Amino acid sequence: MNIFVAKLNYRTTSEELQRQFEAFGEVSSAKVIFDRETQRSKGFGFVEMPDDDAAREAIQALNESEFDGRTIVVKEARPKTETY
DNA sequence: ACTGAGCGG
């Protein structure tokens, strides 16, 4: 299951994101989106969890929870930008 | 003083 995580602290990294979700289950991939030019975080990221059950648990538990000093938003991600 | 809504490659 793909998970979208928003309102992250700009200091938060993919590692911290992954660690956070690993507390609820297996994480196949996690990453914070950084601006390619400024190398600064865009304030949101994505986490992919193979176990849908664990994913839902993680969403429930982490959505609107405090992470790195910010209240984050966690929800199921949309399909990746369909490139045309 | 950046930087707060939002879906990446």
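A nonpolar core is here a set of buried Ala, Val, Leu, Ile, Met, Phe, Trp, Tyr and Cys residues joined through side-chain atoms within 4.5 Å, where buried means under 20% relative accessible area with a 1.4 Å probe and protein chains only. In this predicted model, the largest such core has 19 residues, of which I3, V5, F21, V47, M49 and V74 touch the most other members.

**Core**
- The elements that give two or more residues to this core are β1, α1 (14-22), β2 (29-34) and α2 (52-62), helices being DSSP runs of H or I of at least four residues and strands runs of E of at least two, numbered from the N terminus.
- Helix α2 gives the most to this core, namely 5 residues.
- V5 is in contact (heavy atoms within 4.5 Å) with L17, F21, G43, F44, G45, V47, I72, V73 and V74, residues up to four places away in sequence being left out.

**Strand pairing**
- Strands β1 and β3 (residues 41-48) pair in the antiparallel sense over 5 bridges, pairing being taken to need at least two DSSP bridges between two strands; A6 has F44 in β3 as its bridge partner.
- Strand β1 also pairs in the antiparallel sense with β6 (residues 73-76), over 4 bridges, and V5 stands opposite V74 in β6.

**Confidence**
- Chain A has a mean pLDDT (the predictor's confidence in each residue, from 0 to 100) of 94, with 98% of its residues at 70 or more.
- Among the elements of chain A, the mean is highest in β1 (residues 2-6), at 97, and lowest in β4 (residues 66-67), at 93.

**Conventions**
- Residues are numbered from 1 along each chain as its sequence is written, while chains are lettered from A and ligands numbered from 1 in the order in which they are written.
- Local features need pLDDT of at least 70 and side-chain atom pairs count only at pLDDT 80 or more, whereas totals for chains, interfaces and linings use all residues, and side-chain values use heavy atoms, without hydrogens and water.

Terms used:
Buried means under 20% relative accessible area, exposed over 50%, partly exposed in between (1.4 Å probe, protein chains only).
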